[in-house]
Every structure is written in structure tokens, then in C-alpha cells.
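Please walk me through this model, starting with its packing and then turning to the ligand site.

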Amino acid sequence: MGKLIIKGGEKISGEIRVQGAKNAVLPILAATVMADGISVIKNCPCLRDVDKTDLVLERLGCNVKREADTVTVDARGMCDCRICEDLMREMRSSIVFLGAIISRCKKAVVSMPGGCPIGLRPIDLHLKALRALGVEIREEHGYIKCEAAEITGGGIHLDFPSVGATENAMLAAVCAKGSTTISNAAREPEITDLGNFLNKMGARVHGAGSSVITIDGVEKLRGAEYTIMPDRIVAATYLAASAITGGEMCLRGVNPRDMRAMLHVLTEMGAEIKCEKNRIIQTAPNRLKSVHTIRTMPYPGFPTDIQSPFMSLAATARGTSVFIENIFENRFQHVDELTRMGADIKVEGRSAVVRGVKELQGANVVARELRGGAALVVAALAANGITAVSGTEFIDRGYESIEKYLLSCGANIRRE
Ligand code: UD1
């Protein structure tokens, strides 16, 4: 298990070009299997989860090449429609291949994704959406077996705007016979990115990014070239890293419009933020103010993925902040570790009350999941003394060389 060793107290100031979005690249790479040709995907972040997705594509029979941030997928040789248990267990988000494989092969077999540290993460909405398109689904011996003589367009209503279920429904519907309407669809910017890529492949997707998506089925899709959108969660993490140290940060290659809820909170906490088309410039005071209440919600609400890094900000802010986690039931695992660093946080069910302390203390802490791990790094940057964050394999799932970016902005950080 790797460790990040951080000596707190340095101001994090500088300029960062933000990586491509993990949550956009995964469904887009899955979509490439539906092309009768070659797709070229640019701005792919160098992450373990992207490498695993490439491996899934290879096991399905696609030819995959990576050069710097470009992944080229030739799906013409696709010959398998199964994703085995080891890959499903390692990367739960492989479930998004289901819609793409069933669309291409009219058959798909994937192992049931297990639980996950942040919560149960059921897939009932994914399966309900596919059934609405005429897919027959059997759940047997830990596997999900899907078959359809023909995928037919239909009406899908999601009881909750699940990101993954919306993506699976879109993927399955693009080559269906007839039209599909997905209502109460997730509106995350990554859904818009997937819709844009599918349209470049020749699909007819309208309204991606709104709560009603309509899709007119087409006969086949071609390979396409596409550039992945910037990662808004990584961008906000670097803003948090700078804000907690009173630094000045310039982010390049970002889309500020996708980040409104997060920028609004940073402003409420006392940071000054200037947005340009693809840049965000933030200047933070020496000590932030508390934020009244942060409620995680589906987009355009405050993202659950940045709840924990922002809790580190509240931990040292002046005053008391309240966090309410509405999306995942087990997303406060960073709290015990922040408490080891001297934070004053009380959790009651889905709420956490954070009383800001003047200073955190360096300590040995453990990352138990991706964003919680990033929260510990953010906290460590402002802590008095040395913090050792273990469990870096979780952080590496979503952040491309986090230590290199922070080092370039003045952090005292190294990997062991
Ligand atoms: C995606 C993101 C993740 C983010 C989350 C919410 C990817 C790879 N991951 O995860 O980073 O935190 O969106 O923005 O894009 N649910 C059900 N049944 C289902 C599906 C979901 O009950 O069939 C529930 C989940 O348990 C959870 C909520 O819906 O409580 C939201 O989950 P969902 O939007 O599906 O998240 P993911 O797509 O898994």
C-alpha cells in the first residue's frame, strides 16, 4: 500500500491544467464497442480505472492503443459479450458496458457488481431501464444475463436520476428500433459529454444534460474522434487544496459553468473567484469562513464527490458548517481520519456537523475510498507537521499523479 507524505503549512499557489474527466471517459470508452470502426478518444486521464477499462475492451476483442492522453479503440474485431468477475469486482463502473454490449451483440453477460466502500450501489434502475427496451434479464449464480432478439425503443422513467442508469439506457437505446424517451434522467455534464460523443458516432440523442432525453434509434454507428471534457471534481479538489492554505490558484482547461455549485460554496467561504471561458482564478484568505449547509444532490446540486474534500475546508474554517449527504449512505468514512488530525466533527446519520478548529495536526491516516482520500490530502496540506496518507491506490483511481500537480504548486509532498 503506497503512502503520501505531506508536510503541511506551504501555500498551494500556481497554475494547473486539469485532467480529463474520469466519469466521462469510462462510459465513452464503453460506447466505442458499438462502432463499426475506429474511435480516437483524446484527453483521457492516466488513471488505473481507465487502464482497467482498456483491459475490458481488449478482453471483449477490441484492439486498444494508448499514446499519451489518446486512446484508440478498434471495435471491429469484438468477439465476446462477457465481462468476467475479476474485472467487475475491481471496477464497479464496468456495469456501464452492459448497455453498449447488449446494443452491439444482443446478448451480454456480466458478473454482479459487489458492494463498494461508499454504499450499497444497487443496479435495479439500470436493469429496469434495459427491460423497458425489451431486454430479457436473468440474474443467476452472481451473473446478470441479458438477451434481446431486438432492442425496441420505449419509455423509461427513472425513479431516481441515476448517472449510471441514464448512461446504460442511452447506450442501449441508440441503436434500438424506434424512439426512446428517458424521463427523470441524470443531468450531470458527463451525460452531456456521452450524448455528444454518441451523436458524433451517428446517433440521434436529444436533450442529454436535461431531465428528458429522447433518442431516435439508428441502424449503426461509426467510429468517431472525441475530446473528453475536463474533470470538474478534480478541478474543485485543487481549488480546495489551494483555498485551505490561503493560496492563489489558476486552473486551465476547465469549464466553470459545470462547477457553479462548488464555486458558490468556495465564494461563501470567503474565496475570491474569477471565471473566464476555460479558466478559474481563485484567491483565498488566510482562514476560510464556515458554510451554512452543504446538501449533496444530483446535478446541478452540490456533487457528492466533492463533499469530503470540502469537509476538510470546513474543518479549519471559522465557525460551524453542516453537511448532509443525500446520495450515498456511507460517504463519511474520512471523518474518523480527519478527527485523528484534530478536526471536530459529529456525524448523526446522513448529517455531519463540523466545528472549525484553528489548526489540524499531522497524523497517520488511511484513505478508504477515492474522494475521502483526496480530502485527507487537502487537510494534510494545511496541518501542522507531517501527515502520512496511506491507501494511495484509492486516490490514484481518480487523480492523475496528485503529488506532481501539488508539488508544482509549492506543496511539500512525496510518495513512498
Ligand atoms: C456516478 C459517478 C460517481 C458519483 C455518482 C453520483 C461514475 C463512474 N461514477 O456513480 O462518481 O458519485 O454518479 O453523482 O460516473 N441507485 C439505485 N439503483 C440503481 C442505481 C443507483 O438505487 O440502479 C442509487 C445509488 O445507490 C445512489 C444513487 O442512486 O444512492 C446515485 O447513484 P448513481 O447516480 O447511479 O451513481 P453512479 O452512476 O454509480
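The model is predicted, so local features need pLDDT of at least 70 and side-chain atom pairs count only at pLDDT 80 or more, whereas totals for chains, interfaces and linings use all residues. Residues are numbered from 1 along each chain as its sequence is written, and side-chain values use heavy atoms, with hydrogens and water left out.

A nonpolar core here is a set of buried Ala, Val, Leu, Ile, Met, Phe, Trp, Tyr and Cys residues joined through side-chain atoms within 4.5 Å. Buried means under 20% relative accessible area, exposed over 50%, and partly exposed in between, with a 1.4 Å probe and protein chains only. The largest such core has 78 residues, and those with the most contacts inside it are Val33, Met34, Phe97, Met170, Val174, Ile182 and Leu198. Helix H1 (residues 22–31) supplies the largest share of this core, 7 residues. A second, separate core counts 69 residues, including Ile6, Ala236, Ala284 and Leu288.

Helices (H or I, at least four residues) and strands (E, at least two) are DSSP runs, numbered from the N terminus. In H1, 9 of the 10 residues are buried; among them are Val25, Leu26, Ile28 and Leu29, along with Lys22. H6 is also mostly covered, with 9 of its 11 residues buried. The buried set in H6 includes Glu167 and Asn168 as well as Ala165, Met170 and Leu171.

Methionine 170 lies in H6 and counts as buried because its relative accessible area is 0%. Beyond residues up to four places away in sequence, methionine 170 touches Ile182, Ile191, Leu194, Gly195, Leu198, Val205, Ala208, Ile213 and Ile215, where contact means heavy atoms within 4.5 Å. Leucine 198, with neighbours within four places set aside, is in contact with Met170 and also with Ala31, Met34, Leu171, Val174, Ala203 and Val205. The C-alpha atom of methionine 170 is separated by 39 Å from that of isoleucine 244, 74 residues apart along the chain.

Which residues of the shell are closest to the ligand? They are Asp124, Leu125, Ser162, Asp305 and Ile327, out of 18 residues that surround the ligand; a residue is near if one of its heavy atoms lies within 4 Å. The shell divides into 7 nonpolar, 6 polar and 5 charged residues. Helix H5 (124–132) and helix H6 (163–173) each supply at least two shell residues, and H5 gives the most, with 3.

A polar backbone atom of isoleucine 327 is 2.5 Å from a ligand oxygen, a backbone N or O atom of leucine 125 lies 2.7 Å from one, and the corresponding distance for valine 163 is 2.8 Å. Taken alone, the ligand exposes 750 Å², of which the protein buries 84%; accessible areas come from the Shrake-Rupley method with a 1.4 Å probe, and for residues only the protein chains shown count as cover.

Serine 162 caps the N-terminal end of H6, with a side-chain oxygen 3.5 Å from the backbone nitrogen of glycine 164.

Histidine 334 lies in helix H11 (residues 334–340) and counts as buried because its relative accessibility is 2%. The side chain of histidine 334 makes a polar contact with that of glutamine 307 (3.3 Å). A polar contact is a pair of N or O atoms within 3.5 Å; within protein, one must be able to donate a hydrogen and the other to accept it, and residues adjacent in sequence count only if both atoms are side-chain atoms.

How values were computed
Nonpolar A, V, L, I, M, F, W, Y, C, P; charged D, E, K, R; others polar.
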